Amino acid sequence: MATTTVPPQAPEPVPGPKKNRIGLQVLDYRGSKTTLCAGCGHNVISERIIDAMYEMGIQPERLMKLSGIGCSSKTPAYFSARSFSFNSVHGRMPAIATGSILGNTSMMALGVSGDGDTASIGMGQFVHLMRRNLPMVYIIEDNGVYGLTKGQFSATADVGSKLKSGVINDLPAIDTCALAIQLGATFVGRSFSGDKQQLLAMLKAALAHRGTAMLDVISPCVTFNDHEGSTKSYKFMKDHEEPIHDVKFIPHFENIEVDYEPGTTTEVTMHDGSKLRLRKLEEDYDATNKIQAVSRLMEAHEKQEVLTGVLYINTEAQNFVEMLNMVPEPLSSLPESVTRPPQSVLDEVMAELM
Amino acid sequence: MATTEVAVSPHLAADRSPIVNDLSLQVGTVNGSGSQSSNSVLLRTIFQMGVPVSGKNLFPSNIAGLPTWYTIRASKHGYVARKREVDFLVAMNAETAKEDVMTLEPGRAAIYDEPLKLNELRDDVTFYPVPFDKLTATVCPEAKLRKLVKNMVYVGVVANLLHLDMAEVEKAIRSQFAKKKKAADMNWSAAQAGYDYAVANLTKQDPYKIEPMDENQGKIIVDGNGAAALGAMFAGVTVVTWYPITPSSSLVEQLIDYMNQYRMTPEGKATFAIVQAEDELAAVGMVLGAGWAGARSMTSTSGPGISLMGEFAGLGYYAEVPGVIWNVQRTGPSTGLPTRTQQADLLSTAFLSHGDTKHIMLLPGSVKECYEFAGEAFDAAEQFQTPVFVLSDLDLGMNNWMSDKFEYPTKPLNRGKVLHKAELEQLAEWGRYADVDGDGIPYRTLPGTDSPRAAYFTRGSGHNAKAQYTERSDDYENNMARLSRKFETARNFVPQPMITGEGNKVGILAFGSSNFAVLESRDQLRTEAALEADYIRVRAYPFHKRVAEFINAHEHVYVVEQNRDAQMLSLLKLDLDVALLPKLRSYAYSDGMPLDARSITDFIKNQEGK
C-alpha cells in the first residue's frame, strides 16, 4: 500500500475506564447492592468473584449463578447481574446445578452455598454432586453458624467452639474438603475471605477447571460468630490459618514466565492451558495425592490448624458431562428435527408391539 | 373319566352351552418362578388369534417366593377391565391353591398340580390334575432350569383345553425368547409336553373356549409406562432424571432403552441426558434446573416420591419453571401397598407444596393417552412455564393393554414464550414476570441468551414483574393473581373431557384407568336395568368448562374413582358452582385391585332402585 499521504496526527487516547480482554469493565461484573451485614465475609467473597470474572474475561451471559437458601445463597444477587441466576431451595442447589448444566453444557456454572445449606440440609445432594464431578465451581461460604435464623451452630462448627450465648458445640465438625476429596471432586481448596490474594488466585483457577471445583471459604459472620471462643472468627483465622503453599494462577492468555527453583513449586496445567503454580510452604505436600490430602486435613484438625490452599487437584478425571457422551450442542437448543425421531421409528416400534 | 357312583353337580352338566371368547383365566404361581413369560405367551397367543384380550399382574412387593397371580381376560365384546370372577384357574402355588379354588364360582374350571389334590375340595368345579414335575423332568434334563420351564407346561395344557392354536403358541414363545434360541426350544418342548399330556389324559368338561376372531388388526399390546416412554421420546425429551420406585421404574427403564436405540446421532452421541438421582428431591430439582435452562425435562415417580418433591414443586410453580412429572400412582398412604393400584394422589398432587400452589394435571385413561399426554405435558409445561403432573397408575402403567397403534405427532413442539436475542433487543422493556398478553403467561429468556438485557434472577422469594426481590404486599398479590389467571388460561389448553351419550338423566364421571370398567358397566346397566348413563371422562385439571356443563345437564352424576376419600369429588367441589354440588354422587372404590364393572353396576343399580 504505497502512499505518500501522511495520516493526520491521531489524537492522544483519552485514558478511559480499564477494560479486560473482552472489553468489559469491572462495573459490568457488579450486582445489586448487598443487603448483608457490614463487614460480612460473604461480601468480600462476592468482591473476589467479581475480580476473578473480570480478570479471567468471562462473558457474564455465559455464566449461571446457582444457590440454595441462607445468607451465602443470597449473594449471587450481589455480583454479575448480567449472568443468569437461580436462587433455589434450602440445600438443593446441587440438583438445580446438575439439571441446568445438563440442559446447557456450553454454560459455566458457579454455585454459592453455605455451611448450613451444604453440610446439614444439603449434605445428601452435596456428596452426590462431588461424586459426579459435575463441571462447576461450588463455593461454601463457611461461617459455622446459621446467620439468617440468628446464630445457631452449623455442622462445620468445631468441637468446643462457643456461641455468643455461651453454648458450646459438642459435635465434631464436618470437613467438607475432606469429604469432597474422598468423594470425587477434582479441585478442592480451602481459603479465607480475608486472604485476598490466595482467594482470588484460587477462584480464577477454579473457573478454569473442568470438573467440580469445591472451595470452602472461611467467611466470618460478624454478627453471630466473630467473638472470642469462635473458631470461625477473623481473629481465630489470622492466628490459625496455615497456607500449604502460595497459590499463583497464570491464565492462558497471559504470557508470563516466572523462574522458580525446581522442587519448590508444583505447576499444574489447567484444561484451558492456564497454569496453576503452587509454591510449597509445607514441604512434601503434594496436591495431586488424594490420600495425603485427606490425611493432612485430619492431622490439621488435631492441631487446630486451618489448612488453606489447593488441597487437591486432578485435571485428568472425566467429569459427569463427559461421562454422559452427549452431543456438543446444548440440549436446550437442539431442534425438533434432532429430538423427535422420524415416523419410520414409530412404525418400527409399533411393528414390534404387534 | 365319569363314573356312575358320583352324582355330578348340576353346575357341571355336560350339556352346558359353550362359552366362547368370554373368560377370565387366572394363574396362581410363586413370584420369581418365571411365570411372567408363560403368562405373556398365553396373552400373546389369544391376541394373535384375533380375540380382544388384557392381562393383569397381581404381584407382591417381593423378589422371589411369595404368591403372585396373573389374570388374562379374553372378551369378544372388547372388555378389558378386570373381571372379579375367575372362570378358569391354573393353580400352581401350593400356598394359595386351596383358597383360590374355594373362591371360584360353581361351574368354573381349575387346572392344578396333581400332588395338591385340589379335586377333594369341592365337587362343583371341573378339575384337571396335571403332574407338572414329571412332565417337566422329561423335557428339561437340567434340574436347575425346571422351575422356570415348569410354567410353560401349563401353557400347553391350557392351550389344549381352551382350543388355542398351537402354531400361535409357538410363534408367541419364539417371539418371547427371540434372542435365546435354546430357551425358546426348551420352552416350546415344555408347552408341547403339556399339550400332549392333555390330549392323552384329560377330557374337556368345561364350556370355555377360544375361537379365532379378527378384532386385533392394527392393534398393539403395550403397558402404559412403555407408552409414556415412547411419547416422551417423540415429544423431544432431552433431560430425564429418576429415582427407582415401583410402579414407575419401568417407565424410565423403557425410556432408556428407546433413547439408546433411537436418539443417538450418527456420530454415536446422545441427544439426551438421563440421570439416576440420589433421591426424588434431587430428581425433581434436576428437572427444574434443566427446564430453567431450556431443556425438555421430566421425571417419573409414585406417591412417596411425590411427597418428597413437594418443596420443589412449589418453587417450580412460583418461580415458573417448566418440567414434567409422572406420578404412576400406587396404594398409599406411606409405603402402603406398593404393588397395588389406586387413584389416591389426586388431591396431594393438585396442590403439592405449601402456600397457594396448584398444578396442571393430565389424567390419561388408556395406554394411547399415556403416549399422547407425554407430549401434551411437555407442551403444557413450556407453554405455561410450570411443572405439569401426569397421573397414571399401576394398573395402567404396569399391565399389558391392547391398543390402536399410536399415531405420529402432527403438531410441532410448543416451546412456549421464549425471547431470543433479536426479539429481546427490539423490546422497549422486558419484565420476566410481566403479563404482556393478558393471559397470565409471561415471557422468559434462557441462560446463555447473548444480550446484556437477557439475564434475570430466578427465586422462590417474593418478586415483582421485573423479577426483582420484593416484600411489598401489592407486588405479592399482583403476582399471585397473575399466577391464578395463568391457571385459568390453562383450562382451555389442556386435553378436554371426552363425553359419550347425551340427553339421559344419569351421568357417570370418571378418569384414568377407571375408564375401562365404566365402559363395561354402562353396557351392563343398559342390558340389566335398561338404564342409559351418559359418560364424561375427565382428562385434565384444571377442569374444562364442559365438565360443569355436563353435570348441569344431568339429574345426578356418579363420580367414579379409585380411592377412599372421593378425591375427584372433592376437587370438583372446589371448582364448581355450589348449585351443582347436590347433583354429585360418589362411588369411591378402594381395595387396591383394579376397578371392575360389576362393582360400579351394582352400586348404581342399587342407588337407582333397579
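Which residues does A:Q125 touch, not counting residues up to four places away in sequence? The points below take up this question together with the interface around it, and they should be read with the reminder that the model is predicted.

1. A:Q125 is found in helix α5 (residues 123–132) of chain A, and it touches residues of both chains: A:G91, A:R92, A:M93, A:P94 and A:A95 on one hand, and B:E278, B:D279, B:L281 and B:A282 on the other, when residues up to four places away in sequence are not counted. The side chain of A:Q125 reaches the backbone nitrogen of A:A95 at 3.2 Å. With a relative accessible area of 1%, A:Q125 is buried, because a residue counts as buried when that value is under 20%.

2. One of the residues that A:Q125 touches, B:E278, also forms a salt bridge with A:R132, in which the closest N and O atoms are 2.8 Å apart. The rule finds one salt bridge across the interface of chain B and chain A, and it finds 19 residue pairs in polar contact there, with both residues at pLDDT 80 or more.

3. Several elements of chain B give two or more residues to the side that touches chain A, namely α1 (35–48), β9 (219–223), α7, α8 (249–262), β11 (273–276), α9 (280–293), α11 (310–319) and β17 (457–459). The largest share of that side, nine residues, comes from α9(B). Sorted by class, the side of chain B that touches chain A has 42 nonpolar, 17 polar and twelve charged residues.

4. The contact as a whole takes 71 residues from chain B and 53 residues from chain A, and the area buried between the two chains is about 5,000 Å², of which carbon and sulfur atoms give 67%. Within the area that chain B buries against chain A, B:Y262, B:Y408 and B:F457 supply 13%, which is more than any other three residues.

5. B:F457 can also be located in a pairing of strands across the two chains. Strand β2 (residues 84–87) of chain A and β17(B) pair in the parallel sense over three bridges, and in this arrangement A:S85 stands opposite B:F457 in β17(B).

6. Among the buried residues of α7(B) are B:N225, B:L230, B:M233 and B:F234. At the N-terminal end, B:D223 caps α7(B), with a side-chain oxygen that lies 3.1 Å from the backbone nitrogen of B:N225. After the helix comes B:G236, whose phi is positive, near 80°.

7. Returning to chain A, the place of A:S72 is in helix α2 (residues 71–74), and A:S72 is buried, with a relative accessible area of 3%. Its side chain reaches the backbone oxygen of A:S113 at 3.3 Å. If its neighbours within four places in sequence are left aside, A:S72 is in contact with A:H42, A:V112, A:S113, A:G114 and A:E141.

8. A:Q125 and A:A205 are 80 residues apart in sequence, and their C-alpha atoms are 24 Å apart in space.

How values were computed: Residues are numbered from 1 along each chain as its sequence is written. Chains are lettered from A and ligands numbered from 1 in the order in which they are written. This is a predicted model: local features need pLDDT of at least 70, side-chain atom pairs count only at pLDDT 80 or more; totals for chains, interfaces and linings use all residues. Side-chain values use heavy atoms; hydrogens and water are left out. Buried means under 20% relative accessible area, exposed over 50%, partly exposed in between (1.4 Å probe, protein chains only). Helices (H or I, at least four residues) and strands (E, at least two) are DSSP runs, numbered from the N terminus. A polar contact is a pair of N or O atoms within 3.5 Å; within protein, one must be able to donate a hydrogen and the other to accept it, and residues adjacent in sequence count only if both atoms are side-chain atoms. Contact means heavy atoms within 4.5 Å. Buried area is the accessible area (1.4 Å probe) that two parts lose on being put together, summed over both. A salt bridge is a side-chain nitrogen of Lys or Arg within 4 Å of a carboxyl oxygen of Asp or Glu. Ala, Val, Leu, Ile, Met, Phe, Trp, Tyr, Cys and Pro count as nonpolar, Asp, Glu, Lys and Arg as charged, and the others, Gly among them, as polar. Two strands pair if DSSP finds at least two bridges between them.
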